[in-house]
Structures are given as C-alpha cells and as structure tokens.
Amino acid sequence: MTSVPTRMTVIEIRAPGGPEMLVPQERPVPAPGAGEVLVKVEAAGVNRPDVMQRMGLYPPPKGASDIPGLEIAGAIVALGSGVTRFRIGDRVTALVAGGGYAEYCPVHETNALPIPAGLSAVEAAAIPETFFTVWHNAFERGGLKSGETLLIHGGSSGIGTTAIMLAKAHGARVITTAGTPEKCAACQKLGADRAINYRTEDFVAETKAATGGKGAELILDMVGGDYIERNYEAAAVDGRIVQIAFQGSPKANVDFRRIMLKRLTHTGSTLRSRTVGEKAAIARALEENVWPLLAAGKVKPVIYKTFPFAEAAAAHALMESSQHIGKIVLTV
C-alpha cells in the first residue's frame with residue numbers, strides 16, 4: 001500500500017438536515033479487510049437513499065460506513081487478504097453499503113465488477129445501485145418476460161431510465177409515468193412505448209387503454225401511498241407488483257379483494273441491507289446478462305449532471321428538486 005496516502009477527504013453528514021449538512025472532512029484511509037479491495041474513487045453515484053440518510057430517515061446498516069454513497073467507480077490500489085479476482089490497477093465499479101462519498105472506499109471483491117468496455121468512470125459509477133435494483137426486482141423477483149408489459153413509475157429517475165432500457169433490451173413492452181412533458185418525451189426517447197404524465201392523466205385508465213384493457217403484467221413502484229391500490233387496478237390478471245421504495249407514504253388503505261380476484265403477487269425488497277453474498281449473486285447475474293449489453297452500447301446509463309466532490313450539497317439539492325432525468329454523479 002505504499003502509494004496510498006494515510007488521510008483522505010470524505011463528505012460527512014454533520015447532523016440530520018438539509019443539503020448544507022454535507023461537509024468535507026478528513027479521515028484515515030481505510031485498509032481493505034479480508035476479501036476486500038480498496039478503490040481510489042474517481043466517481044460516485046448520488047441516489048435517493050443518500051438523501052434519506054442525510055435527513056436522518058435511513059440509517060446505514062450495522063457495520064457499514066456512516067459516510068453516504070452506495071456506488072463507486074475507480075481503480076484498485078490495494079488488496080485485502082484472500083482476494084483472487086482482481087489485481088492492483090484494475091478498474092472497477094462497485095456496489096457498497098456506504099462510504100462512497102470518499103476518495104478511497106473498500107468493497108468486497110464479489111460486489112465489484114470490471115468497468116464495461118467503452119464506459120467512463122462517471123458512467124460506470126451510475127450503474128451499480130440502479131442496475132442491481134432493477135435486475136433483482138424486475139427480472140429476478142418480478143420475473144419479467146419478453147412480450148409482457150412493464151409499468152414503471154418514476155420513469156425519468158435513475159431507476160426508471162435503467163428499467164426502461166433493460167426491459168426493452170429483453171423484449172418487454174414498457175409503459176411509464178413521469179411528471180412533465182419533457183420527462184415523458186425523455187422516457188419515450190429511451191424506448192418507452194407509452195409515457196403517461198401522471199399530473200394530467202390517470203395512469204390506471206391509460207395503462208388499461210394501452211394494453212387493450214388487459215393491464216400490466218409487472219409494475220415497478222417506488223411511490224407507494226395511494227399508488228398501491230391503483231397498481232392493483234392497473235395490473236393484469238396474474239400480475240406482479242414489486243415495491244422498491246416509498247416516495248409517498250409507506251402506508252395505505254387498500255381493498256385487498258383485487259389481489260384475490262386477479263391472483264396478484266405483491267412483493268418488494270431493499271438492497272442496502274442485503275448480505276455481501278446476496279449482492280454477489282446479483283453481481284454475477286448482471287455480469288452474465290447485462291454487461292454484454294453495456295459493452296455493446298445497447299444499454300447506457302443516462303447521466304443528467306456531474307458535480308465536483310466538494311459540491312455534494314448542490315447534487316443533493318438537485319436530486320430533491322426532481323428536475324433531473326437519469327443519474328447525478330459526483331466526480332472525485
């Protein structure tokens with residue numbers, strides 16, 4: 001570890017609150033543990049869970065860093081004991097349970113993947129959180145198949161743009177909701193067959209109209225609240241609804257008869273608290289099924305804006321404004 005400094009700059013959450021609570025601080029550079037690699041971070045993705053953590057609503061899992069940041073890209077500068085897959089100098093992108101907003105970040109080698117050919121560090125840093133989430137929830141939990149219709153709420157978000165591209169690449173039909181005509185147009189440009197402006201249109205009626213009255217076989221929802229009951233209405237018989245977040249309320253009054261009458265499945269998951277081994281399994285599936293699409297340029301992360309590391313507060317303010325289409329990334 002000769003070339004690695006002992007101190008680094010990180011972005012800390014000074015106290016729960018607004019974006020101004022994100023402040024640069026100096027900390028010791030962590031040493032990689034057994035099976036871990038240390039990455040010199042070149043870019044780190046910004047995600048909604050980071051905002052929630054900053055507000056004090058989403059504490060890091062036990063044993064994870066208190067520094068925000070769930071996805072990074074950069075070069076490996078040190079290896080922990082027992083590392084077999086990577087060497088010093090390898091360029092990787094990785095899913096981490098925290099610690100991404102830092103100049104150096106350790107990660108278990110099984111949760112890191114080689115940066116796909118032709119992608120920059122910024123693009124690579126925009127992949128893990130959304131691609132792991134979409135692959136696991138839409139394909140593994142949701143069982144999306146070619147020819148089925150997927151309804152994606154929040155289509156212009158990092159998750160939404162990723163879901164549109166991956167679903168289309170796998171032969172599905174895509175309906176999405178977004179909040180402005182510009183966002184709807186962006187979703188359609190990415191491949192969505194129908195983009196519904198949820199402020200001016202009823203997504204239940206429009207989904208049914210777009211599917212000849214059938215409804216969507218799979219619904220990916222990050223809203224919750226009154227969308228839960230409406231999703232049951234918009235779903236096809238034997239449909240699946242996968243809950244991945246709650247931008248609205250995590251509680252709802254729902255008439256559950258719809259589940260029985262339509263034989264619906266409502267499931268959900270979170271990614272951050274999953275074990276290293278569970279994340280490793282998703283990483284392997286991504287490398288097999290999605291990395292070839294990225295390398296071929298068939299799927300590419302949508303980058304809305306990058307900010308220098310020190311301007312993490314401005315990046316969070318942008319995310320909270322919801323003006324962005326795609327991903328916001330910090331550059332180190």
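Q: Buried means under 20% relative accessible area, exposed over 50%, and partly exposed in between (1.4 Å probe, protein chains only). What makes Met 55 partly exposed?

A: Its relative accessibility is 37%, so Met 55 falls in the middle class. This is a predicted model, in which local features need pLDDT of at least 70 and side-chain atom pairs count only at pLDDT 80 or more, while totals for chains, interfaces and linings use all residues. Residues are numbered from 1 along each chain as its sequence is written, and side-chain values use heavy atoms, with hydrogens and water left out.

Q: Where does Met 55 sit, and what makes its patch nonpolar?

A: Met 55 belongs to the loop between helix 1 (48-54) and strand 4 (71-79); helices (H or I, at least four residues) and strands (E, at least two) are DSSP runs, numbered from the N terminus. Its patch on the surface is formed by Met 52, Met 55 and Leu 57, which together have about 270 Å² of accessible area, by the Shrake-Rupley method with a 1.4 Å probe, where only the protein chains shown count as cover for residues. Patch members have over 30% relative accessible area and no salt bridge; nonpolar side chains (Val, Leu, Ile, Met, Phe, Trp, Tyr) are joined within 5 Å, like charges within 9 Å.

Q: Is Lys 327 buried or exposed, and what is it in contact with?

A: Its relative accessible area is 3%, so Lys 327 is buried. Leaving aside neighbours within four places in sequence, its contacts (heavy atoms within 4.5 Å) include Glu 71, Thr 130, Gly 158 and Tyr 304.

Q: What makes Glu 26 and Arg 7 a salt bridge?

A: Their side chains meet at 3.1 Å, N to O, which is within the salt-bridge limit. Glu 26 is in strand 2 (residues 22-28) and Arg 7 in strand 1 (residues 7-13), so the link joins parts 19 residues apart in sequence. Glu 26 is exposed at 52%, whereas Arg 7 is partly exposed at 40%.

Q: How many salt bridges does the rule give?

A: The count is 18. One of them pairs Lys 214 with Glu 217, with the closest N and O atoms 2.9 Å apart. Lys 214 is exposed at 52% relative accessible area, while Glu 217 is buried at 11%.

Q: Why is Thr 149 called buried?

A: At 6% relative accessibility, Thr 149 is under the limit, so it counts as buried. Thr 149 is found in strand 8 (residues 149-152), and its contacts beyond four places in sequence include Arg 173, Ile 175 and Glu 217.

Terms used. A salt bridge is a side-chain nitrogen of Lys or Arg within 4 Å of a carboxyl oxygen of Asp or Glu.
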